[in-house]
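This report covers one protein–ligand model.

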Amino acid sequence: MSRFYVTTPIYYVNDEPHIGHAYTTVLADVLARFHRALGDKTYFLTGTDEHGQKVQQAAEKRGVDPQQHVDEYVLRFQEKWDALDIRYDQFIRTTQANHKAVVRHLLQLLWDKGLIYKDTYEGWYSVAEERFLTDKEYEEGDWRDVKQLSETNYWFKMSAYQEKLINYIHDNPDFIQPEFRKNEVLGFLRQELGDLCISRPKSRLSWGIELPFDSEYVTYVWFDALTNYISAIGYPDRDEEFKTWWPADVHLIGKDILTTHAVYWPTMLMAADLPLPKTIFAHGWWLMGDTKMSKSLGNVIRPLDLANEYGVDALRYFLMREMTPGQDASFSIEAFIGRYNSDLANDLGNLVNRITKLLGRNFDSILPDPGETSPEDADLIQHVNGLQERVRDELDQLKVNYAITHVFDVLREINRYLEETAPWKLLKTDKDRAGAVLYNAAEALRLSAVHLYPVMPDKIARLLEVMGTSAKARFGEPGWFEWGHVKSGTTLGQIDGLFPRIEVKEAPEETSVKLDLKPEISFDDFTKLDIRIVKIIKAEKHPNADKLLKLQVDLGAEQRQVIAGIADFYAPEDLVGKSVSIIANLKPAKIRGEISQGMILAAEDDVTVAPLTPLKDVKPGSKVR
Ligand code: MSP
C-alpha cells in the first residue's frame, strides 16, 4: 500500500470561489478519491489564506473585527466545496491557533540558526500597491502615489540556497511539472536570487502573525501561507503523523504562484532541514469570454452555477475533461453542453440504458451466467482489465483528461462488442449466449464506471449500485477493480435518465454572412508554401512595438527568430514550450527593426487571435500539408 498526500493552494478568504479555485480543488479531490479507492493511505488538504492587508481593509470597510470577517467569509468556500462533493481530510485556516504556533516556531528556528537578519531598506514605495518597487519598475512604470521610503525589516537569507535549489531541480526531474514550468523556474534562478523580506511593520499591517522575536512586526503573508502544508499535518510536535505524510506527493497550484512555491517554499524547507515536496504541479488558467457566456444562456452567469442547473457531477466532469493540465482551457457554455451530451448522455447514458433494459426485459434484472469465454469476450475482458493501469499511469502524471479518455474508449468498445454479438438477436436463437454477452457487457460497464467514480462520485455511486455493487463499495473495496467482482445471480437495478440530454433551444437564425474568399489557386500554387511546425523556445516583448512579440523557434535542424503580432493576447511566458505552425519559406523581413524569418499562422476572429497548434505532439520541423 502506498501513501498519497495532495494539497491545493489555500485560497484568499476574501475572494468569491470561482472556477479557477474549483478546478484545482476538484482535481485534488479526484486524485485523492482515486488513491483511496486503490487502497492507498491518502490525505487531501485544502483551506484558506486569511491574513494580510486586503482582509484587514475589507473588515474595516464592513466595520467588523477581522476575525469575525474571516469567520463569515470562510463559509463561502466551505459551502461551495460541500456543494461540489469535495471530500478533503482537512480544511486549514491560517488564523487557527495551531497553524500560527507552527509559523512562529519556524520563524524562531530560522532566527536561532542565524538565517534571518534585520536590515533597513530604502527605495521607491508605492502606497497604492503597498510594496517597494525595484529601480527598474520605478523607471519603466507610470506610478502615482510613489514616495521614497526607508523601512527596517527582517530578511530571510534565501540567496544562500540558490545553488542548492538549482542542483535539486536538476537532480529531481519530477519536482516541478510540467517541464516547461521547470525551465521557467530555472530561467528565473539564472539571475541572482535576493533575500526575502519576511516581515511587515505593525504600523503598516497588523492583521498577521507576530514575529516571535519582535512584537513590532507581523510576518509576510506568503511565509505564513506556505507553512500550512506542514502545520496541517503535525509539524513539529506530532512527529509520527508528520513523517507519515511529509514530503507531500503533489502541491497543485496555478501558474501564477509558481515562484512562491518553487523558490520561496523550497528554500524555507531547506533552511529548516526538511525534505522538499515530491512534485509541484502548476496548471494553466481557465479563460472565458464571459459576455458571450451569459448571453447564450441567460440564467447562467457564473460557471459554478452550472452545478445547480445540470448537476455537480456534470460540472466536475467538464472541468476534468476539458483542461489538459498545465495548459490553459477556455470555458464556454457551448463546450459544456457539447461534452455533456456527447460523452455523458450519449456514450455513457445510452450504454447504461441499453444493458439494463435488455437485462430487465429478458432476465428479470438477474445477472446471467458468463458461460464459456469466446475470443471476442476475451478481447473485451482484456481491454477492460488493462484500464486500471492506463488510468493510473495518466493520473500519476496528473493527466486526468487522458485518464477519462481511456475510460470512454472502453465504453465505446463495449458498444462495439454489443453490436458485433447482437444479444437482442441471440435471445431468439441462443438465450444462454445472449445472457453471457450481457454478463460481459454489464461487468465491463461496471468496471469502467469504477474508474469514473472519482470524477463523478454521486452519479457513479448510483450507477454502481444499479450494477450490483453495494453502497459500501463506493469507498473502494477489495475486488472493486477486478473482473468478475459482481457474480451471476446478482439482482441489478434500473436507472432512468442518469444524464438526461440537454435540449438546446434553437438560437434565432443569424443573418448569413457570405464567405469572403480569395480567388481560387491551383494545387501547384499551394505546394509552394512550406508550412512547418515549430516549438517556441523563447518569447519576449518586441523592443520597439507593444503589439509584437519576438519569438525564437526550434525547427528541428535550425533555430529562427519570428516576429508575431500577438502581444495583446498572450504573455511571453505562456508561449514558451508551445508548438505552433509557421510559413517557413517566406522571404525574411525586418519588422520594426527586428528580423522575422517566417510567419506564424493564426486564426483570427473579432475576439481573439489563436495560433494554430498540432493536435498531437509532432517533432519540430514537421511538414504541414
Ligand atoms: N493565497 C494564495 C495561495 C497561497 S498557497 C500557500 C493565492 N490564493 S488565490 O485565491 O488567489 O488563488 C488560488 C489559486 O487559484 C491559484 O493557484 C490561482 O492560480 C488559481 N486561479 C485563480 N484564477 C484562476 C483561473 N481563472 N483559472 C485557473 N486557476 C486560477 O494565490
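Which residue has a polar side-chain atom that lies 3.3 Å from an oxygen atom of the ligand? That residue is His21.

## Basis of the model

The model is predicted: local features need pLDDT of at least 70, side-chain atom pairs count only at pLDDT 80 or more, and totals for chains, interfaces and linings use all residues. Residues are numbered from 1 along each chain as its sequence is written, and side-chain values use heavy atoms, with hydrogens and water left out.

## Ligand site

The ligand has 23 residues around it, and Ile10, Asp49, Gly254, Asp256 and Trp286 come nearest. A residue is counted as near if one of its heavy atoms lies within 4 Å of the molecule or strand in question. By class, the shell holds 12 nonpolar, 8 polar and 3 charged residues. For this division, Ala, Val, Leu, Ile, Met, Phe, Trp, Tyr, Cys and Pro are nonpolar, Asp, Glu, Lys and Arg are charged, and the others, Gly among them, are polar. At least two shell residues each come from β1 (3-12), α1 (19-37), α8 (221-226), α9 (228-231) and β12 (250-254). The largest share, 4 residues, is supplied by β1. Helices (H or I, at least four residues) and strands (E, at least two) are DSSP runs, numbered from the N terminus.

Besides the His21 pair at 3.3 Å, an N or O atom in the side chain of Asp256 is 2.4 Å from an oxygen atom of the ligand. A polar backbone atom of Ile10 is 2.8 Å from a nitrogen atom of the ligand. The ligand taken alone exposes 660 Å², and the protein buries 93% of that. Accessible areas come from the Shrake-Rupley method with a 1.4 Å probe; for residues, only the protein chains shown count as cover.

## Buried positions

Thr8 is placed in strand β1. With a relative accessible area of 0%, Thr8 is buried. The cut-offs for this scale are under 20% relative accessible area for buried and over 50% for exposed, with partly exposed in between (1.4 Å probe, protein chains only). The side chains of Thr8 and Thr46 are joined by a polar contact of 2.7 Å. A polar contact is a pair of N or O atoms within 3.5 Å; within protein, one must be able to donate a hydrogen and the other to accept it, and residues adjacent in sequence count only if both atoms are side-chain atoms.

Why is helix α14 (residues 312-322) largely enclosed by the rest of the structure? The helix is so described because 9 of its 11 residues are buried. Among them are the charged residues Asp313, Arg316 and Arg321.

## Salt bridges

The structure holds 35 salt bridges, each defined by a side-chain nitrogen of Lys or Arg within 4 Å of a carboxyl oxygen of Asp or Glu. One of them pairs the side chains of Arg392 and Asp40 at 3.3 Å, N to O. This pair links distant parts of the chain, 352 residues apart: Arg392 is in helix α17 (residues 387-396), and Asp40 is in the loop between α1 and β2 (41-49). Arg392 is partly exposed at 25% relative accessible area, whereas Asp40 counts as buried at 8%.

Asp409 and Arg412 also form a salt bridge, with their closest N and O atoms 3.3 Å apart. These two residues are separated by about one helical turn because they are 3 residues apart in helix α18 (residues 400-421). Asp409 is partly exposed at 34%, and Arg412 is partly exposed at 36%. A further salt bridge joins the side chains of Asp568 and Lys547 (2.8 Å, N to O). Asp568 is in the loop between β18 (559-564) and α23 (572-575), and Lys547 is in the loop between β16 (531-541) and β17 (549-554), 21 residues apart. Lys547 counts as exposed at 53% relative accessibility.

## Surface patch

Ile521, Phe523, Phe526 and Leu529 form a nonpolar patch on the surface, together having about 410 Å² of accessible area. Patches are made of residues with over 30% relative accessible area and no salt bridge; like charges are joined within 9 Å, and nonpolar side chains (Val, Leu, Ile, Met, Phe, Trp, Tyr) within 5 Å. Ile521 is exposed, with a relative accessible area of 56%.
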